[in-house]
Amino acid sequence: MARLSGGEALARSLVREGVEVVFGLPGIQTYGLVAGLRDEPGIRLISTRHEQATTYMADGYARASGKPGVALVVPGVGLYNAASGLATAYARSSPVLVIAGQVPRAAIGKDAGAVHEVLDQADTVRSVTKWRRAAMRPREIPAAVTEAFRQLRTGRPRPVLIEVPPEAGVEREEVELWDPAPVSPIVPSPDQLRAAARVIAGARLPVIYAGGGVARSDAEDALVRLAEATNIPVVTSSGGKGTIPDSHPLSYGSCFSPRGERQEMNQLFEVMQAADVVIGIGARFSLGNPAGNASTLVNINVDDAELMRIQSNTVPLHGDARATIEAMLPYLDEAGAGDRPSPARAVEAARNLIAYYDIRLKEPQYAVLETIHGAIPEDAFIVWDVTQFGYYARTHYRVNHPKTYIDSGYQFNVGYSFPTALGAKVAEPGRSVVCMVGDGGFLFNASELATAVQHGLTVVTVVFRNDSYGNVARDLDVAFGGAYGTDLHNPDFVAFAESFGAVGMRASDPMELETLLPEALERDAPVVIDVPFGDMPIPRAPQFAPVYELPWTRPQEGLIES
């Protein structure tokens with residue numbers, strides 16, 4: 001044991017867990033913690049310009065590196081500001097630890113007006129965190145850190161919270177540091193694996209549906225081995241993009257959407273609907289299983305709450321994706337699951353049909369995405385904001401390297417992408433990182449250009465500018481008789497970038513990204529590329545005349561239930 005301050009105990013505990021960087025904003029209730037981090041040579045503190053960026057950057061770091069990301073904020077408003085990043089990390093099952101200050105111990109729960117006081121602070125983020133604990137004195141910090149990282153590394157990874165009052169950061173007492181908790185992956189029993197293997201081996205038209213849990217488990221190679229060993233094709237969710245290369249002959253891709261007006265969307269619905277066995281791996285099936293109870297769902301998930309939620313005709317396999325796949329492969333071989341012919345020609349035909357409709361419809365999104373894809377390295381990280389191009393990218397942008405496609409999941413956080421991309425660059429400084437964002441979203445966190453320049457984070461940011469919240473403007477115009485509140489007044493983005501010491505570039509057309517992106521990636525500085533574009537239609541095949549409408553955009557029978 002050693003006599004340590006709470007800040008020293010925190011820093012040394014984080015180092016023991018392998019932490020090398022913390023994204024944070026120093027504040028009066030965290031001075032002791034910040035001093036501990038300052039004096040710890042193994043940890044780098046990256047200070048942001050807004051608390052919102054701390055958790056976004058921690059999330060980007062976690063998704064690019066596969067290791068937990070750590071954020072530090074003051075209590076109350078600091079934690080509120082950071083909550084949007086926690087919500088995104090929660091939606092994408094990303095391992096993020098947020099360390100939040102507290103008001104002085106004697107003031108907690110008194111509602112007496114202490115600086116940054118919020119009653120029941122941990123409850124304010126309960127719905128977007130997996131686990132929460134307060135460490136009220138220095139000797140409690142190591143145990144809290146060890147348990148926080150155990151929570152991040154076991155089961156379904158989601159954000160966790162540690163609260164520390166200001167006295168605990170500076171007080172000194174005898175502190176025992178803890179070693180990281182041993183973690184063993186969850187694996188179904190041999191009998192369960194053997195039974196599932198028999199179901200898969202007996203399938204006539206099986207398909208694998210790979211979700212984000214494959215990436216969280218580092219199971220990409222195991223997924224490819226499973227597909228190749230059984231000749232079962234793979235469809236991915238948007239969260240599962242990149243878990244199998246889109247160029248792989250058994251990959252259908254992730255062109256899967258609830259909107260049935262596109263012919264190519266129907267192709268993958270038909271693939272799923274025709275399957276007699278669907279092997280779900282690390283997937284929530286947020287859109288449901290199109291095959292339903294007409295198929296058997298072999299559901300591999302580390303979150304046991306997800307196992308039986310989808311349908312009754314399920315073979316549940318509670319386990320870590322990589323460990324479960326690897327444990328099941330011998331049983332599949334034993335059951336003869338590799339004897340079926342390869343479906344590669346059928347997969348290729350379906351992919352060619354998807355490409356045919358994209359080219360035939362001459363949708364501007366398709367041409368721009370193809371240009372972007374060809375202009376950046378295949379192993380570059382690309383972070384898509386909630387933009388008109390970003391929606392299209394969820395289904396159509398091709399990904400051939402694991403973990404390189406990053407989106408906001410079901411939270412659809414406008415403006416999250418720029419700080420998230422900065423976090424990815426911190427995690428992988430030797431790899432290219434590109435952020436794709438709209439003009440509205442960029443200004444949510446554009447002040448982090450200062451952070452990028454200060455810390456040498458050479459992210460290339462493409463700002464698609466139409467001086468509007470374009471998706472909302474179009475929907476209001478189509479469904480409600482006119483847009484309102486959606487026009488934007490923008491700065492000169494080139495001059496704006498240059499005012500921070502970044503590089504500004506300007507395109508006259510999105511197709512100029514073919515030359516501007518490679519040039520920007522060669523610059524040893526953060527780069528912002530201003531790209532104007534016009535109206536962007538909703539992608540749809542011409543034989544489907546009605547414009548897609550959300551169910552609540554017009555009165556209808558049964559919308560309001562008594």
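The model is predicted, so local features need pLDDT of at least 70 and side-chain atom pairs count only at pLDDT 80 or more, while totals for chains, interfaces and linings use all residues. Residues are numbered from 1 along each chain as its sequence is written, and side-chain values use heavy atoms, with hydrogens and water left out.

Select strand S20, residues 527–532; strands are DSSP runs of E of at least two residues, and helices are H or I runs of at least four, numbered from the N terminus. In S20, 5 of the 6 residues are buried (under 20% relative accessible area, 1.4 Å probe, protein chains only). Val 460 faces Val 527 here. Next show S19, residues 503–506, also parallel to S20, with 4 bridges; Met 505 has Ile 529 as its bridge partner.

**Stop two: an aromatic group.** Select Phe 418, Phe 442, Phe 493, Phe 496 and Phe 500, which form one aromatic cluster. Rings of Phe, Tyr and Trp (its six-membered ring) pair if their centres lie within 6.5 Å; planes under 30 degrees apart are stacked, over 60 edge-to-face and the rest tilted. The whole structure has 12 aromatic pairs. One of them is Phe 418 with Phe 442, edge-to-face at 5.5 Å centre to centre and 70 degrees between the planes. Phe 418 sits in helix H15 and Phe 442 in helix H16, 24 residues apart. Both are buried.

**Stop three: Tyr 31.** Finish in helix H2, residues 31–38, where Tyr 31 lies. Tyr 31 counts as exposed because its relative accessibility is 53%, and exposed means over 50%.

Conventions: Two strands pair if DSSP finds at least two bridges between them.
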